[in-house]
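Take a moment with the sequence and the fold before reading on. This report walks through a few features, one at a time.

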Amino acid sequence: MADPERRWCFADQLGPHFLDSGDQPVLLVESRAVLRRRRFHRQKAHLVLSALRHRAAELGEQALFVRADTYREALARVHGPLTVCGPTSRAADGFVRGLDGVTVLPSRGFVTGHDRFEEWAAGRGDRPLLMESFYRVARRLTGTLMEEDDDGGSGRDGGDRADRGDRDGGRPAGGRWNLDRENREPPPADGGLALPAPYRPREDDIDAEVRADLDAAERRGKLSFVGRDGPRRFPATRAEARRALRDFVRHRLPSFGPYEDAMLTGDPVMSHSMLSAAMNLGLLDPMECVRAAETAWRDGEVPLRSAEGYIRQIVGWRDYMWHTYWHFGPAYTRRNALRARRRPPEWFAELDADAVQANCLSNVLRSVRDVGWTHHIPRLMVLGNYGLQRGWHPAALSDWFHRCFVDGYAWVMATNVIGMSQYADGGRITTKPYAAGGSYINRMSDFCHDCVYRPTARSGDDACPYTAGYWWFLARNKERLAGNWRLAPQLRNLARIDDLNEIVARERHRGRP
């Protein structure tokens, strides 16, 4: 049998599922140019380089590890044909497909394939590509949280028959596809969940080497970062990622469902897994995480609403984001349906949490500055919500998320930020903008307790920038949003707000909140 061709693995393809065999030759490239293109968070740069170098050390002589200025320079040192799994960005995909001697294989690291998604999308016709519909197809295809059903029923909540996928796929566990209605509890009144601290890896000599290299590059002016350096909090090896997964399933998954949308000042992690970075580096296969959660439910260790809520984030939302990134094409990242033109201000771009008075925004910015991570609700309802209200350019905000989060990648942020968070696609993937006032934040967090602003106030010196900003957002976009039935009551209420002109003028010129 001929020796297997060398597999080129990018820095987000570091798990064994990107190889065809345990002894396949591997190419790993550390490109200095990648870190020069953007001002990444310091801890993100450290994590990616640490993971790449750890993988090279694990593989030993099986891997050819090349450090070079660019990928093209590195490839000039490689002899013989290469194979590569489809990269996760359009830029990288276009680059590898233009190279001689490189065979591009189907992408890995996701639950469903492009062909199956495109088949489903074509079947939608003129209907929106809703994540919930795709989620049901993916559940049936993978058999995740499914039970036998002789009559092929779709569950008590019905559902679109055109989206049922395989009719022999059974019924959803518990009789319902989505338990989101049960998973919207505010945080506990006492401000804590009484959970053990999440898994933390131990740094080693490779981490120290990476940190020294980044320090030296900064001193020479070769690289520049945002955020603060700090001890590595996220897995950089397959072994660490598996330990983190086991720790999450045992200690945090049982309470994940009820509080997945809640936020706490003193506990930014709460019941969340913090596994997105490991998954996006390729250290964990997403179905590995799904099966671990499903097994815990079937063994009676985790309630169904927690298992389903977590699995929906992976089988549903993560795969959906991946596919829509490719489906909508490069023009999608330039969409700006609400004509948002402002650039994010310097205090936001530089993660200057101490310059902000609004407790929710200061708290979340501090987490990004110090850790490079927050869970999905602060991202959407604090950071994204504020940018949406202020009319920040969606592409600029997407780039900020890409650079500042340890789990941020082009495919993750395109539809997550431009489509969902900023509604810049005009509703292709969501039915309404994710805009909300201070009352929502007050209900789902403890941020408002010690804030200088009142969440119910829309005018005056103590007016909440989110509450006032919500009405400014609607007033500014009332014509563009006039056809959205879900916002019709709020748009009608604009005519009843006697101080609307004052609110608009104040918010238009508001500086730091």
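Contact means heavy atoms within 4.5 Å. This is a predicted model, where local features need pLDDT of at least 70, side-chain atom pairs count only at pLDDT 80 or more, and totals for chains, interfaces and linings use all residues. Residues are numbered from 1 along each chain as its sequence is written, and side-chain values use heavy atoms, with hydrogens and water left out.

**Two loop residues**

Start with Pro-188. It sits in the loop between strand 7 (171-172) and helix 7 (205-219). Helices (H or I, at least four residues) and strands (E, at least two) are DSSP runs, numbered from the N terminus. Pro-188 is buried, with a relative accessible area of 17%. Here buried means under 20% relative accessible area, exposed means over 50%, and partly exposed lies in between (1.4 Å probe, protein chains only). Leaving aside residues up to four places away in sequence, Pro-188 touches Leu-193 and Tyr-259. Ser-31 is 157 residues from Pro-188 in sequence, and their C-alpha atoms are 46 Å apart.

Now Thr-374. Its loop runs between helix 14 (359-371) and helix 15 (376-390). Is Thr-374 buried or exposed? At 3% relative accessibility, Thr-374 counts as buried. Its contacts are Val-364, Ser-367, Val-368, Arg-379 and Phe-405, again not counting residues up to four places away in sequence.

**Strand pairing**

Two strands pair if DSSP finds at least two bridges between them. Strand 1 (residues 6-9) has strand 4 (residues 82-85) as a parallel partner, over three bridges. In that pairing, Arg-6 stands opposite Leu-82. Strand 1 also pairs with strand 2 (residues 26-31), in the parallel sense and over three bridges. There, Cys-9 has Leu-28 as its bridge partner.

**Two helices**

Helix 4 (residues 90-97) has Ala-92, Asp-93 and Val-96 as its buried residues. Why do they lie on the same side of helix 4? They cover an arc of only 100° around the axis, and this puts them on the same side of helix 4. The arc is that of the directions from the helix axis to the C-beta atoms. An α-helix has 3.6 residues a turn, so residues three or four places apart point the same way. The buried residues of helix 4 pack against strand 1, strand 4, strand 5 (102-105) and helix 12.

Helix 17 (residues 410-421) is mostly covered, with 10 of its 12 residues buried. Among them are Trp-411, Val-412, Met-413 and Ile-418. What do the buried residues of helix 17 pack against? They meet helix 10 (276-280), helix 12 (304-327), helix 15 and helix 16 (394-404). After helix 17 comes Tyr-423, with a positive phi near 55°.

**Nonpolar cores**

A nonpolar core is a set of buried Ala, Val, Leu, Ile, Met, Phe, Trp, Tyr and Cys residues joined through side-chain atoms within 4.5 Å. The largest one has 114 residues. Those with the most contacts inside it include Leu-28, Tyr-310, Leu-383 and Trp-400. Helix 12 gives the largest share of this core, 11 residues. Apart from this core lies another, of 19 residues, among them Ala-435, Trp-472, Leu-481 and Leu-494.

Look at Trp-400 again. Not counting residues up to four places away in sequence, Trp-400 touches Phe-348, Ala-349, Leu-351, Leu-365, Val-368, Leu-383 and Phe-405.

**Salt bridges**

Side chains of opposite charge can pair when their charged atoms come close. A salt bridge is a side-chain nitrogen of Lys or Arg within 4 Å of a carboxyl oxygen of Asp or Glu. How many salt bridges does a search of the whole structure find? The search finds 43. Three of these pairs are set out here.

| Pair | N to O distance |
|---|---|
| Arg-184 and Asp-180 | 2.9 Å |
| Arg-211 and Glu-203 | 2.8 Å |
| Asp-462 and Arg-454 | 2.6 Å |

Salt bridges that share partners join Arg-42, Glu-203, Arg-211, Asp-215, Glu-218 and Asp-229 into one network.

Arg-184 is partly exposed at 49%, whereas Asp-180 is buried at 19%. Arg-211 is buried at 17%, while Glu-203 is partly exposed at 32%. Asp-462 is partly exposed at 25%, and Arg-454 is partly exposed at 42%.
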